[in-house]
Amino acid sequence: MKLNIAVLAGDGIGPEVTAQAVKVLKVIAMEFNHVFTFQNALVGAAAIEKTGTALPEQTIAICKKADTVLFGAIGTTKYNEDPDATVRPEQGLLGIRKALKLFTNIRPVIAYDDLSNKSSLKAKQIKNTNILIYRELTGGIYFGDQHLSEDGNTASDICKYERFEIERVAHLAFKAAQTRKNKLTLVDKANVLETSRLWRRIVKEIAPQYPSVKVNYMYIDNAAMELIIHPRQFDVILTENMFGDILSEEASVIVGSIGLLASASIGNKHAMFEPIHGAYTKAANKGIANPIASILSAAMLLDHFGLDDEAALVREGVNKALKLHITTPDLNTKYDNISTTKVGDFIEDFIQNPDETNLNFTNIHLGQSTII
Ligand code: IPM
Ligand code: MG
């Protein structure tokens with residue numbers, strides 16, 4: 001298969017982790033005889049510094065022309081601490097989601113047995129958790145009208161949803177539930193918000209089209225607690241933009257590190273793959289950023305194009321890295337010298353030699369042996 005992939009590495013740890021995902025995609029292309037080409041484009045603070053805008057027209061054009069997009073992260077402390085900045089890195093990410101009409105963001109939350117002691121939650125509580133969050137991505141309070149009064153003392157953000165925006169993401173979530181445990185939880189705040197009541201009404205209307213799927217409804221405040229106490233009760237979670245942002249970050253606690261959570265942002269025409277974590281500026285260029293979320297986002301990219309064996313092999317490589325503790329410091333207590341690049345190198349080598357699972361292989365990667 002030929003794929004032209006736009007790479008928007010962005011800010012902070014974005015370039016480092018994205019480089020590992022690109023490395024993994026390159027070796028997959030080599031092993032499976034695909035032709036993947038990569039085209040870098042500017043986004044976020046990196047784009048502001050060079051062009052004055054977080055999402056240059058050229059970047060939009062490159063993404064629209066490409067077969068798909070791999071996204072890193074955006075943001076820097078400079079902007080995070082300045083509420084008065086009118087040009088902000090986040091406009092790059094929100095803008096590209098809107099420009100490519102990526103209305104569904106899919107965020108898998110899977111508890112790995114090998115990491116059960118890395119979560120702050122009890123191992124028995126999180127065991128076998130496997131949730132798919134369907135987050136609406138181009139509507140709601142993120143994209144409603146914003147207003148700041150002239151005297152600077154009053155502000156408003158409008159949360160607005162139209163029927164079609166809810167229907168299209170809901171159908172995808174129901175379809176996903178059908179391929180899993182046939183359970184869908186709509187998370188909303190229907191006891192307070194009109195938009196949430198619209199979500200509930202529409203989901204109730206759609207539900208009979210998917211008779212095998214059992215639907216339940218949960219308020220966001222309750223869901224925030226249930227997710228931590230009984231995560232196994234969830235299969236597919238469907239929710240609006242901001243609730244999905246918050247719940248998915250909370251869910252990373254179950255997995256052990258936000259550096260492990262990947263996502264796919266899907267529209268009718270385009271798709272983009274991005275870790276759920278941010279730019280983590282403090283960690284940039286130190287070699288400590290976990291590349292696994294980016295590498296698993298690359299696996300979701302492969303899934304998207306029906307490259308199932310390829311995606312499975314990437315995930316096997318990730319599992320092997322986790323099992324052997326070839327991981328960055330956010331997860332590692334065993335070795336202290338495993339860098340971002342080393343994790344990428346290990347997974348790259350695993351893809352080339354999936355059977356080479358002996359101890360010597362581990363030692364080589366830990367720098368304890370030089371025999372290759
Ligand atoms: C995410 C991020 C973004 C969001 C930010 C960086 C705009 O938190 O992808 O979860 O809120 O959607
Ligand atoms: Mg977020």
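Author: Let us begin with burial, where buried means under 20% relative accessible area, exposed over 50%, and partly exposed in between (1.4 Å probe, protein chains only). Lys-189 counts as buried because its relative accessibility is 19%. The lysine sits in the loop between β8 (183-188) and α8 (194-206); helices (H or I, at least four residues) and strands (E, at least two) are DSSP runs, numbered from the N terminus. This is a predicted model, in which local features need pLDDT of at least 70 and side-chain atom pairs count only at pLDDT 80 or more, while totals for chains, interfaces and linings use all residues. Residues are numbered from 1 along each chain as its sequence is written, chains are lettered from A and ligands numbered from 1 in the order in which they are written, and side-chain values use heavy atoms, with hydrogens and water left out.

Reader: With which residues is Lys-189 in contact, leaving aside its neighbours within four places in sequence?

Author: Contact means heavy atoms within 4.5 Å. By that criterion Lys-189 meets Ser-196, Tyr-219, Ile-220, Asp-221 and Phe-243, its neighbours within four places in sequence being left aside.

Reader: How is the length of helix α12 to be checked?

Author: The expected span of a helix is 1.5 Å times one less than its number of residues. For the 16 residues of α12 (residues 308-323) this gives 22 Å, and the end C-alpha atoms are 22 Å apart, so the two values agree. Buried residues of α12 include Glu-310, Leu-313, Val-314 and Val-318. Among the elements that cover the buried residues of α12 are α1 (14-32), α11 (292-304) and α13 (340-352). Just after α12, His-325 adopts a positive phi of about 65°.

Reader: How should I read a nonpolar core, and which residues have the most contacts inside the largest one?

Author: A nonpolar core is a set of buried Ala, Val, Leu, Ile, Met, Phe, Trp, Tyr and Cys residues joined through side-chain atoms within 4.5 Å. The largest has 87 residues, and Phe-36, Phe-174, Leu-238 and Ile-347 have the most contacts inside it. Helix α11 gives the most to this core, with eight residues. At least three residues of this core come from each of domain 1 (1-108 + 257-372) and domain 2 (119-255); domain bounds come from an automatic or database domain assignment. A second, separate core of 17 residues includes Leu-8, Ile-62, Ile-96 and Leu-102.

Reader: How far apart do the C-alpha centres of the two domains lie?

Author: The C-alpha centres of domain 1 and domain 2 are 25 Å apart. Across the boundary, 16 residues of domain 1 are in contact with 19 residues of domain 2.

Reader: Which residues surround ligand 1?

Author: A residue is near a molecule if one of its heavy atoms lies within 4 Å of it. Ligand 1 is surrounded by Ile-74, Glu-90, Leu-93, Arg-97, Arg-107, Arg-135, Tyr-142 and Asp-245. A polar contact is a pair of N or O atoms within 3.5 Å. A polar side-chain atom of Arg-97 lies 2.7 Å from an oxygen atom of ligand 1; for Arg-107 the corresponding distance is 3.0 Å, and for Arg-135 it is 2.8 Å.

How values were computed:
Polar contact = N/O pair within 3.5 Å; in protein donor to acceptor, adjacent residues only side chain to side chain.
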